[in-house]
Amino acid sequence: MLFHLLGMAEAMIAYEPADSYLHRIHPLTKLALMLFVIIAGMYISGPTFPWGLNMGLFILLVIIALTGKIPLGKELRDRGGYIFAIVSILFVGNLIFSRGVEVLNNPNVRVYFKIEPIIYATSAGLNFAISKTLLILSSIVVVIILLKSTRLADLSHALIKIGVPYSIATIITTSFRCVPMVIDGLLIVYNAERARGLELDKGTRRERIRQWQLLMTPLLIVLLKWVDQMTIVFQSRGLDFSARSRTRLREVPFRAFDGVVISVLLVSLISFIVANQLGYIDVNIY
Amino acid sequence: MDNQPVIEIDNFSFRYKEAASPESLALRDVNVKVNEGEIALILGRSGCGKSTLGLAVSGIVPHLIEGEWAGDVKVCGSSTLSTSMYEMSKRVGVVFQDPEVQLFALTVEDEVAMSLESYGLPTQEIRERVDWALSVCGLSGMEMRAPAKLSGGQKQRVAIAAVLARDPDVLVFDEPTGNLDPVSTRSVYQVIKHICAEKKRTVILVEHDLAPVIDFVSKVIVLEEGQVIFEGEPRSVLSQLELMNKTGAKVPVATHLGLVLENKNLISYPQPPLSPEETAAPILVAINQSWPTDKRELFGKSESNNNSSRIDGDSIKPIISFQSVTYRYPKGQVALENINLDIFRGEFVGIVGMNGAGKTTMALHVMGILTPTEGKVIVNGKDTREMSVAELARTVGLIFQNPNHQLFKDNVEKELRFGPDNLGWDEDRILKSMDRALGLVGLAGTEKMDPEGLSTGQKKRVAIASTLIMDPKVLLLDEPTTGQDQRTLQPILELVSRLHSEGLTVLMITHDMEVAMKFADRIVVLANGRMIADGPPSQIFLRDEVLREAELIRPELLQMTAALNHGEPWWVSSIEDLERCISSFLVPA
């Protein structure tokens, strides 16, 4: 299970080269899109808010991804099971636990079934569950858009351009490199210990915890040794965190298009927030 | 200009911070000069200070690895001690043995460009240098590949490209091919040779195996216990077989044979021969270009190793059986394809093939860590799918390539107890088995020692003992020769050979064709996940088409017989046999 999750994480962060407008636009534009979707999506999700808006946002993102040559189908095939499990739990949870006096006392809200005083499956809960599920799906799609169409080095450089310190940006990108490293370390230790009879999935819960401890301590030692060696190699290659001017092999140009998109997203987001504060966005379908 | 020393080491001594005692110096009063364009090969046993010397030249010692030092190390006229690590990185590039710890970026191109970006070079110059370095290292077209997904040889070439792109004055290679198959080793050394010829860079090279490097190094420095005991040109060091034995270096078969024949006054060489052709030339002259009798008779008639000891009673029932085994990774790539193989009790089987051929995948199937996508693997009469981890551990003992990946406890006793504890053995049985296992590997009395403080060879023995304690029927060795000098390696191989002669079935995955040829009585050849040949070494290593398809290099001993027979190799099982046979045809001068 752990190997599978780590393998999935490794595959998810892998850049997929292609010739598309999404691959050409500036990483900051894609970061802005991601923030917009997550923040605005939250504003348009509520028990009394029409789920159609979240559906519209989700469809728009799928269109952006497909026209930008993002392999959404492949991601769905490889990780569909996990995505389905996550959204199912969220959907059911939101459906049966969405309540509140405002909702339950609304005569237009239909109660499908209830187990008082905890579970109420209502038409408002159903609306909220669909909205939240679509928001989670939109967030997954927008993260896939960002990671599959952006080299992490370009993302790191974009972060530096907006003032994030070089050390922080480098730590972020290097930490992605750590995923395959942890998988390798785990495989080494697991195989070594399994070869001497260690079984992780046998025995009582306490025995299993002890067995995992037997795996994790050597893994930590292996990883620390590697990190120690990597630190030496890193510095011997002239890579440190001092504040000198650096150049780039590739400069992803910030075009007028990027400026327009970021401006539109920013204005929309600010409008959402302001409209929400002023009560204009308080739509109630009931 | 050629006589300008680029590296000057004056009375340099160094002791690691964590050294056991004040007397334990890693380097002691070292005085070495290496001129511009020279390639200096550093030889010596494991732990003699070779790597420390390379690290001192790069400035890593003492900037990044702390300790006490005396004397001075100068590179291009500046002391490494007073030059910052950042500046040193522009002058000296280091390539380490393990490519895994040298790669940070998520694409090959970014990896090679990283240092150049840090130096603030113009974008156009970075592009040109990256393209050049990738092309020299044979990596053009792989710019966007993820380094983590490359083969071992490719990863090491990326590490070399990242160093070359910086265009440093000095290059330090610390056993750069330790983890690679013979063809990848050859390709890495071709790159190094090319760089030295084209750019005239000064090189420090640490290596145990002389055959792939001896023809292009300009000088040899031999270290013993941190001190320089010899410095001179390659042929002069090779002529001193006793000194070579001290270093633990693997002397080319051709040189060894030539020197033995010369010591017997049978042949005279103007200087020690380095290649099979150089060794063969005067021998062929002495016998008038052709061997007078039947070749098989001449070379000892052996068709296979005589150490085959299949136990007859069990011979009809294999202890390991691969039955139409195919293994596909979750993403669909085929790692093993329709493998059918029976291994019988008492056999010593060498599994050979290039990096990525499927050798380790096969071993993981034997251990039950992987199960076939199609077909089945039967171990000791049972399908591995139906065997518990404990059952498999009792049947097959796996010895890892790197003992540091197998030993995690803080003393030898705990290390040995780990397996039996998992199997639920009682205390009395554990103690008896521990005594037996430690006795077998010659480490009795080391129970309370920390494995971390042991030598590489001793660690390997602890790893073997921690497996033998469970009394397995099969010993599976993954690359036992990697990163070890001959003096460390020989006792381990002799131990394995002795265990085999006592009835243990041995499976050995190896890149070392000499070792496979010498110890195995059966060779299984893998290429791209398929088993392309299976037979005694005397058949396998003489078949050009098999070696070509598997991208293997013929053992040096058979390269030697090929040179003696106008390109057509004859089987001979050992260098002693070959020397004896040749001697019988030559008259002492």
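Q: What makes Val233(A) and Arg237(A) part of the lining of the second largest cavity?
A: In this predicted model, lining residues have an atom within 4 Å of a cavity point. Val233(A) and Arg237(A) are listed as lining, along with Val94(B), Gln102(B), Ala159(B), Ala162(B) and Val163(B). Helix H6 (residues 152-164) of chain B gives the largest share, three residues. The volume is about 40 Å³.

Q: How many residues of the lining of the second largest cavity are nonpolar, polar and charged?
A: Five are nonpolar, one is polar and one is charged.

Q: Which residues line the largest cavity?
A: From chain A come Arg177(A), Pro180(A), Met181(A), Asp184(A), Trp226(A) and Met230(A). H9(A) supplies the largest share, four residues. About 50 Å³ of space lies inside.

Q: Why is the pair Arg196(A) and Glu415(B) called a salt bridge?
A: The cut-off is 4 Å, from a side-chain nitrogen of Lys or Arg to a carboxyl oxygen of Asp or Glu. Arg196(A) and Glu415(B) meet at 2.9 Å, N to O. The pair therefore qualifies. Across the interface of chain A and chain B, the rule finds six salt bridges.

Q: What is the buried area between chain A and chain B?
A: The two chains bury about 4900 Å² between them, with 61% of it on carbon and sulfur atoms. On the chain A side, Arg196(A), Arg237(A) and Leu249(A) lose the most area to chain B, together 21% of what that side buries.

Q: How many residues of chain A are in contact with chain B?
A: 44 residues of chain A contact 59 residues of chain B.

Definitions and conventions:
Residues numbered from 1 in each chain as written. Chains lettered and ligands numbered in written order. Predicted model: local features only at pLDDT ≥ 70, side-chain atom pairs only at ≥ 80, totals over all residues. Heavy atoms only, no water. Contact = heavy atoms within 4.5 Å. Buried area = accessible area lost by both parts, 1.4 Å probe. 1 Å grid on protein atoms, 1.4 Å probe; cavity = no way out; pocket = protein on both sides within 12 Å on 5 of 7 lines; lining within 4 Å. Points joined across faces, edges and corners; volume = space filled by probe spheres on them. Helix = DSSP H or I, 4+ residues; strand = E, 2+ residues; numbered from the N terminus. Nonpolar A, V, L, I, M, F, W, Y, C, P; charged D, E, K, R; others polar.
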